[in-house]
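Please consider the sequence and the three-dimensional model shown here. The explanation turns to the ligand and then to the pairing of charged side chains.

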Amino acid sequence: MAEYSVFSLIREGLTGHKGWIRAWRDPEPKQSYDVIIIGGGGHGLATAYYLARNHGITNVAVVEKGWIGGGNVGRNTTIVRSNYMLDGNAHFYEHSLKLWEGLSRDLNYNVMFSQRGVLNLAHNDGQMDAYARRGNLMRLNGIDAELLDRDGVRKLYPHLDYSTDARWPIYGGLLQARGGTARHDAVAWGFARGADRRGVDILQNCEVVGFERDGDRITGVKTSRGTIGCGRVGMAVAGNTSRVAAMLGWKLPIESHVLQAFVTEPLKPLIDGVVTYGAGHFYISQSDKGGLVLGGDIDFHNSYAQRGNLPVVEDVMANGLAMMPHLSRLRILRSWGGIMDMSMDGSPIISKTPFDNLYLNAGWCYGGFKATPGSGYAFAHTIAHDAPHETNREMGLERFETGHLLDEGGKGPTPKLH
Ligand SMILES: Cc1cc2nc3c(=O)[nH]c(=O)nc-3n(C[C@H](O)[C@H](O)[C@H](O)COP(=O)(O)OP(=O)(O)OC[C@H]3O[C@@H](n4cnc5c(N)ncnc54)[C@H](O)[C@@H]3O)c2cc1C
């Protein structure tokens, strides 16, 4: 049974669920592929999907060292938005948001995309001015944005601390109503199924451990399941980018840091959108199961440790409670960490590389989940045409040499500058 539909659900429900087929196969690696994508996260899987769907390139393998959905795509807080100011980012993320809007239908897989609105709070006149400017630029780029004053924010979220002696007094905020959340692992599974159905091999438990080269050309990818020949190679390994690049003796303008997230015990509906505030670097939303999903800043030092630690737990809780004191009696159920690939200007890299047939997708910092469809779309185009798509034209690696940085606001890998 290929398609998911209400009819297939009813039919399977009445016949003991015996007719479903596996969402993706578990094939043995072939001797070679036209394209090998390293990394079975959201970006790698989306790239494989769009290579097949948009460019007819189906002799493709996604090579994943663990299991798909086990990296950042299954660890993030699922915020989706396109509230960027600079053209180089704005058009890319807005294209991605438009893809999100049709994604469940396109993949025939419910990614539970919920446009519940993303609100950034402002705490002084200067920040309100900055948000007015950002909102105006967004609207000029055809992206929805609404500047709210204090009463407008209070109407949406009556439970925040509106007292004038609050640590972070609320002056207003910038709302993107089309932003929201999605079900993170469903995104990985939906792209995996879509790619598999178009002939892509998804190779799990297959770690890339080195490369075979002929000068600047990659001729094979050495993996824990043997060496696989390749026409072109796309690298989409997020927090492991500098480690995989090091296998080629290649240094990148990327630092890896841990980012943690938390979920509380379930509550009745309390927060029906996403609320963020940069001053304390805190963000929160409520999952469909009722748990509050919250997060904060990256670790203050570099690391590849995919786990949490207490100093950041304390920092996130202190900043959250400063804004929402009424959450103080809630219990945290779970916390986890993911390794973030922080670029030096805070913007991503989707680019050709100094190697003839190697392409790079990296530098997603705090926000690569929202980019997943747009990134896969642009990266697939870049690999298929050996040239950027119009949406990732300004995301080239060469910008770190020429100085044409895509610096949305001095974020990069430095904690608390976001
Ligand atoms: C706690 C947290 C909260 C976040 N919140 C948000 C948010 O709200 N909104 C948002 O937009 N973004 C958010 N992000 C960022 C977002 O999750 C990432 O930027 C994005 O998922 C990265 O792309 P990916 O999905 O391809 O990465 P991943 O899922 O990490 O995929 C990379 C894959 O490469 C594999 N790999 C690594 N090395 C090798 C190797 N040698 N061989 C083979 N495979 C390899 C890994 O196992 C992994 O599966 C958050 C991240 C974290 C950790």
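The paragraphs below describe the surroundings of the ligand and then the salt bridges.

The model is a predicted one. Around the ligand stand 36 residues, and the closest of them are E64, N72, V73, T77 and K370.

Several polar atoms of the protein face oxygen atoms of the ligand. A backbone N or O atom of G368 lies 3.0 Å from a ligand oxygen, and a polar backbone atom of H43 is 3.1 Å from an oxygen atom of the ligand. From the side chain of N76, an N or O atom is 3.4 Å from a ligand oxygen. On its own the ligand has 990 Å² of accessible area, of which the protein covers 96%. Helix 2 (42-55), strand 12 (254-266) and strand 16 (332-343) are the elements that give two or more residues to the shell. Strand 12 gives the most, with three residues.

Attention now passes to the charged side chains. Side chains of opposite charge can pair when their charged atoms come close. The structure holds 16 salt bridges. In one of them, the side chains of D201 and R25 meet with an N to O distance of 3.1 Å. D201 lies in strand 8 (residues 201-203) and R25 in the loop between helix 1 (6-14) and strand 1 (32-38), so this pair ties together parts that are 176 residues apart in sequence.

R134 and E408 form another salt bridge, at 3.4 Å from N to O. Here R134 belongs to helix 5 (residues 125-140) and E408 to the segment after helix 11 (399-402), so that distant parts of the chain, 274 residues apart, are linked. R134 counts as buried at 17% relative accessibility, and E408 is buried with a relative accessible area of 7%.

Note on methods. Residues numbered from 1 in each chain as written. Predicted model: local features only at pLDDT ≥ 70, side-chain atom pairs only at ≥ 80, totals over all residues. Heavy atoms only, no water. Near = heavy atom within 4 Å. Polar contact = N/O pair within 3.5 Å; in protein donor to acceptor, adjacent residues only side chain to side chain. Areas by Shrake-Rupley, 256 points an atom, 1.4 Å probe, with all protein chains shown as cover. Helix = DSSP H or I, 4+ residues; strand = E, 2+ residues; numbered from the N terminus. Salt bridge = Lys/Arg side-chain N within 4 Å of Asp/Glu carboxyl O. Buried < 20%, exposed > 50% of the residue type's maximum accessible area, 1.4 Å probe, protein only.
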